[in-house]
Amino acid sequence: MAAQPLSSTDTFIFVVLGASGDLAKKKIYPTLWQLYRHELSPKKTFFVGYARSDLTVSELRRKAEPFLKHSDDEKSRLDSFWEACSYVKGSYDQAKGFEDLNAAMEKIESQHVKGAARAHRLFYLALPPSVFEPVTANIRAHCFGKKGWNRVIVEKPFGKDSASSAALSKHLSSVFAEEEMYRIDHYLGKEMVQNLLILRFANNIFGPIWNRNYIASVVISFKEPFGTQGRGGYFDEFGIIRDVMQNHLLQILCLTAMEKPCTKSAEDLRDEKVKVLKCIDPFNMADVVLGQYVGDPEGTGDAKLGYLDDPTVPKGSVTPTFAAAVAFLKNERWDGVPFIIRAGKALNERKTEIRIQFHDVPGDIFEGQAQRNELVIRVQPNESIYVKMMLKKPGMSFSPVESELDLTYHSRYKDTRLPDAYERLLLDVFYGSQSHFVRTDELAEAWRIFTPMLHSIEREKRKPLQYKYGSRGPPEFDKLCAKFGYKYTGTYEWSKPEKK
């Protein structure tokens, strides 16, 4: 579906199901505030919270406001935002609560919908997957409006494996049309992830070299410098593979590897991503590295504690907090190029990046001093794109030295506000653009790739390798990279440009 213009006379109701929970408090309401604050959401937008808790809007505000960024002179604007909010208490599996929710929405519409204007409804499921089925069935039966469109936003996880994902997709497809569903993966809203399409398909310099003839390997990394910190019970249920790799990193891989779509339309973009996924076989377990962090005796604070020291983690858990795997695409462009994806907690830094390493220069005349070129796309933090390249060392010497062509966003675009990923994606839902949301067949292919590995790990209870809190992860990861031709020299260090 192409993005649709928004009418200034129409009314929009954004429903937050699970309004009393952490996700709503820390992410959804702050995002809705930012859209309201910057006048990005339609003028006649109203926000309705729904949950089992007995809350007033004032209590909801007290819970969420510490996470709402605002200046002192924006108090009246913030007050008007909360005046546009209401709250309905109800259960997730009984019709009565949803009937009350519908009555609350009809009351808003009766006050604000005039003449030929329409009324549209958006439903955000900030809920655990265990209640998706009764909630979505009740939304369809009791809350769909008849005066405009209805759109439902589903938060991950979208199942735990192929079978559970297929069951959830079958249910969702039975109650909603594909164009009404928006499976949100917030990485698809990040500035540098969205930049991949422009970088690749609006620059002629990259097209001829974006293939196996020039690219030796692609490494896609997600690193966090902290552990589970009391969230171990939740994390242990899913692990790092389901939490990060099967969704966020695989989406980045698709955008890096896909062919140019016919147009920018959502369906053309998602068609090309599905083609990439269909070219990937399930992972070879011999090329998978699993790790679990242990405490650093010389560290301070949380760094002294390992994953199993978290009281919320089941005793003796073998859930990996670090994982790396190698994917190969069986197509003409990428045949033989390893795509190495890794994700880990309690590592040495916070970073998500794509590192594209090119082949060695043929016919080297510099006696091995020339290092490989790399194109690095830093997703977070400090969004940037830089190319590692060789230059003459300044001065009288005639020897190569590593340097870079650097585009750091906070330096180049220092006066530009980069919106949060959720801001972009929720605004996309208002406009009806599904380009950056996950389609049903795309989800099925992603689980096809990951399910055999996950089942193998769980069936064999494979014990992860230990790595120290604050380290680069298990040394076996470097061996895996070396095995597949990625060259890590450690001779180059990127320096973040200062803000001016």
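1. Strand β8 and strand β15 (residues 465-468) pair in the parallel sense over four bridges, where two strands count as paired if DSSP finds at least two bridges between them. Within this pairing, G291 stands opposite L465 in β15. Helices (H or I, at least four residues) and strands (E, at least two) are DSSP runs, numbered from the N terminus.

2. The model is predicted, so local features need pLDDT of at least 70 and side-chain atom pairs count only at pLDDT 80 or more, while totals for chains, interfaces and linings use all residues. Residues are numbered from 1 along each chain as its sequence is written, and side-chain values use heavy atoms, with hydrogens and water left out.

3. On its other pairing, β8 joins strand β9 (residues 322-327) in the antiparallel sense over four bridges; L290 has A323 of β9 as its bridge partner. Six of the seven residues of β8 (residues 288-294) are buried, so the strand is largely enclosed by the rest of the structure. Buried means under 20% relative accessible area, exposed over 50%, and partly exposed in between (1.4 Å probe, protein chains only).

4. β9 also pairs with strand β10 (residues 339-344), in the antiparallel sense over six bridges. The bridge partner of A327 in β10 is F339.

5. These strands belong to an open sheet of nine strands with mixed pairing, in the order β14-β13-β12-β11-β7-β10-β9-β8-β15. Its edge strands are β14 (400-408) and β15, each of which pairs on one side only. Direction ignored, neighbouring strands of the sheet are turned by 20 degrees against each other on average.

6. Helix α7 (residues 191-201) packs on the sheet, touching β11 (351-358), β12 and β13 (384-392), and its direction makes about 145 degrees with that of β12. Helix α8 also packs on the sheet, touching β7 (215-223), β8, β9, β10 and β11; its direction makes about 145 degrees with that of β10. Axes are lines fitted to C-alpha atoms, for helices over the stretch in contact, and angles run from 0 to 180 degrees between N-to-C directions.

7. The largest nonpolar core has 145 residues, and those with the most contacts inside it are F14, L17, Y29, F81, I241, L253 and F450. Helix α8 (residues 232-257) gives the most to this core, with 12 residues. Such a core is a set of buried Ala, Val, Leu, Ile, Met, Phe, Trp, Tyr and Cys residues joined through side-chain atoms within 4.5 Å. Not counting residues up to four places away in sequence, I241 touches Q246, L290, A323, F450, M453, L454 and I457; contact means heavy atoms within 4.5 Å.

8. E374 lies in strand β12 (residues 374-380) and, at 2% relative accessibility, counts as buried. Its side chain has a polar contact of 2.6 Å with that of R355 and another of 2.6 Å with that of Q357. A polar contact is a pair of N or O atoms within 3.5 Å; within protein, one must be able to donate a hydrogen and the other to accept it, and residues adjacent in sequence count only if both atoms are side-chain atoms.

9. In helix α3 (residues 75-83), L78, F81 and W82 are buried. Seen down the axis of α3, the buried residues fall within an arc of 95 degrees (taken from the directions from the helix axis to the C-beta atoms), so they line one face of the helix. The face turned away from this buried side carries the exposed residues S76 and E83.
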